[in-house]
Amino acid sequence: MSSRPFSPPWWARSPHIQTILPVLTKVPRPALHRERLELEDGDFIDLDWCGNARNGDAILVLIHGLEGSSDSHYIRRLLRQCQRRDLTATVHHHRSCSGEPNRLARSYHSGDTLDLTVTLNTLRIRFPDSPLYACGYSLGGNVLTKYLGEQGQQSLLSKAVVVSAPLKLEACAQRLKSGFSRVYQSYLIHQLQAKTLAKVNHPVLSDQMPVTADIVDSLTSFHQFDNAITAPLHGFHDVDDYYRRASGMPYLEKIRIPTLIIHAGDDPFMTDAVIPTHEMLSDTITYELHPLGGHVGFINGGLPWQPRYYLEPRIMSFLTGDSPC
């Protein structure tokens, strides 16, 4: 395991300040242009591009977390770093997260690597000589971890970074049922409920949904929601089957490309169960466990209304070998 210097200022030592303040102090987002990839099952993936890709130049794929998008605070900040460096980046949106509902009853989940594979295959065909990098956050980090482990030496990526990934989904679902963490769960569940109700009430999709409208409001925890909605819609037997098969932890030892994984010990979305032992890590993984940092936070300076962050310089340093502009 490896450790890098990260120390939050005195005013940002709380995991909840680390987690919430970045949402309230978003930086402006660079101009993006959208591309839609049509999928074989009749659905679509939206990519938001920053910069003009040229064959031979590196491309960074950003993978957002649960109910995130190119508007997420962490995505905005990394896109700005890419713009300053003239590094082309594209945001891979999970189905239904780009601002437009997806077309099918199914949506996305923590272990869905097929859509990411479509994006990476498209980029490889279009830019055969370009190094491909990826950075995945939270749920997107778990997806990326699973992809890297599934593909091993065949990965289309040259390097990858995983931030605040819930590598043991069952443990994270339990954590979000208690204490202040329930606030995060409630916020995210409300968004998932709204999307589910729209499909339950859809004239074409309603018959394909595993629940009726009167059930949706009662699904107030991730465990309940995943058992009633996520698992049956995506081919899992039940929530336990989903959490077991979708968790990224078992795939760590199979990763064969240089990969940086960053966790905070005080992450309010997780428990110690997401922290891998040395034996679980392949030789190509650099693992950083910081005592503080919250969930996709890692504020290391500045002022409360204009915080500075550890993540973007560290991500850029790992992927490109030097510091960002």
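Q: What volume does the largest cavity have?
A: The model is predicted. It holds two cavities of 30 Å³ or more. The volume of the largest cavity is about 50 Å³.

Q: Which residues line the largest cavity, and how do they divide by class?
A: The lining has four nonpolar, two polar and two charged residues. The residues that form this lining are Ala264, Gly265, Asp267, Met270, Thr271, Asp272, Val274 and Ile275.

Q: How many charged residues are in the lining of the second largest cavity?
A: The second largest cavity contains about 40 Å³ of space. Its lining consists of His92, His94, Arg95, Tyr108, Asp112, Asp115, Leu116 and Val143. By class, three of these are nonpolar and two are polar, and the number that are charged is three.

Q: Where does helix H3 lie in the chain, and what distance separates its end C-alpha atoms?
A: Helix H3 covers residues 114–126, which makes 13 residues. At 1.5 Å a residue it should span 18 Å. The model agrees with that expectation, because the end C-alpha atoms are separated by 18 Å.

Q: Which residues of H3 are buried?
A: An α-helix has 3.6 residues a turn, so residues three or four places apart point the same way. Buried here stands for under 20% relative accessible area. In H3 the buried residues are Asp115, Leu116, Thr117, Thr119, Leu120, Thr122 and Leu123.

Q: Which helix is among the elements that cover the buried residues of H3?
A: The cover includes strands S1 (33–38), S2 (44–50), S3 (59–63), S4 (88–92) and S5 (132–137). A helix also takes part, spanning 139–151, and this is H4.

Q: Which helices do the buried residues of H8 pack against?
A: Helix H8 runs over residues 222–233, and its buried residues are Phe222, Phe225, Asp226, Ala228, Ile229, Thr230, Ala231 and Leu233. Just after H8, glycine 235 has a positive phi of about 85°. The helices that the buried residues of H8 pack against are H5 (169–175), H6 (181–200) and H9 (239–246).

Q: Which element gives the most residues to the lining of the second largest pocket?
A: This pocket has a volume of about 330 Å³. Its lining has 16 residues, and Val27, Arg77, Pro307, Arg308 and Tyr309 lie nearest the centre. Helix H2 (73–85), strand S10 (306–309) and helix H10 (311–320) each supply at least two lining residues. With five residues, the element that gives the most is H2.

Q: How many residues in the lining of the second largest pocket are charged?
A: The lining comprises 16 residues in total. Six of them are nonpolar and four are polar, and the charged residues number six.

Q: Is serine 70 buried or exposed, and which side chain does its own side chain contact?
A: Serine 70 sits in the loop between S3 and H2. Its relative accessibility is 3%, so serine 70 counts as buried. Residues it touches include Arg29, Leu32, Ile75 and His93. Its side chain makes a polar contact, at 2.7 Å, with the side chain of aspartate 48.

Q: What distance separates the C-alpha atoms of histidine 64 and histidine 93?
A: Histidine 64 is also in the loop between S3 and H2, and at 0% relative accessibility it counts as buried. Its contacts include Tyr74, His92, His93, His94 and Cys97. Histidine 64 and histidine 93 are 29 residues apart along the chain, and their C-alpha atoms are separated by 7.0 Å.

Q: Which backbone oxygen does the side chain of histidine 64 reach?
A: The polar contact cut-off is 3.5 Å between N or O atoms. The side chain of histidine 64 comes to 3.4 Å from the backbone oxygen of glycine 68.

Q: What is the phi of glutamate 67?
A: Glutamate 67 lies in the loop between S3 and H2. It is buried, with a relative accessible area of 15%. Although glutamate 67 is not a glycine, its phi is positive, at about 60°.

Q: Is valine 296 buried or exposed?
A: Valine 296 is placed in the loop between strand S8 (285–290) and strand S9 (299–303). Its phi is positive, near 50°, in a residue other than glycine. The relative accessibility of valine 296 is 2%, so it counts as buried.

Q: Is glycine 321 buried or exposed?
A: Glycine 321 is in the segment after H10. Its C-alpha atom is separated by 16 Å from that of leucine 157, 164 residues apart along the chain. At 60% relative accessibility, glycine 321 counts as exposed.

Terms used
Residues are numbered from 1 along each chain as its sequence is written. This is a predicted model: local features need pLDDT of at least 70, side-chain atom pairs count only at pLDDT 80 or more; totals for chains, interfaces and linings use all residues. Side-chain values use heavy atoms; hydrogens and water are left out. Helices (H or I, at least four residues) and strands (E, at least two) are DSSP runs, numbered from the N terminus. The expected span of a helix is 1.5 Å times one less than its number of residues. Buried means under 20% relative accessible area, exposed over 50%, partly exposed in between (1.4 Å probe, protein chains only). Contact means heavy atoms within 4.5 Å. On a 1 Å grid over the protein atoms alone, a cavity is a set of points where a 1.4 Å probe fits but cannot get out, and a pocket is an open set with protein on both sides within 12 Å along at least five of seven lines; lining residues have an atom within 4 Å of a point. Grid points are joined across faces, edges and corners, and a volume is the space filled by probe spheres set on the points. Ala, Val, Leu, Ile, Met, Phe, Trp, Tyr, Cys and Pro count as nonpolar, Asp, Glu, Lys and Arg as charged, and the others, Gly among them, as polar. A polar contact is a pair of N or O atoms within 3.5 Å; within protein, one must be able to donate a hydrogen and the other to accept it, and residues adjacent in sequence count only if both atoms are side-chain atoms.
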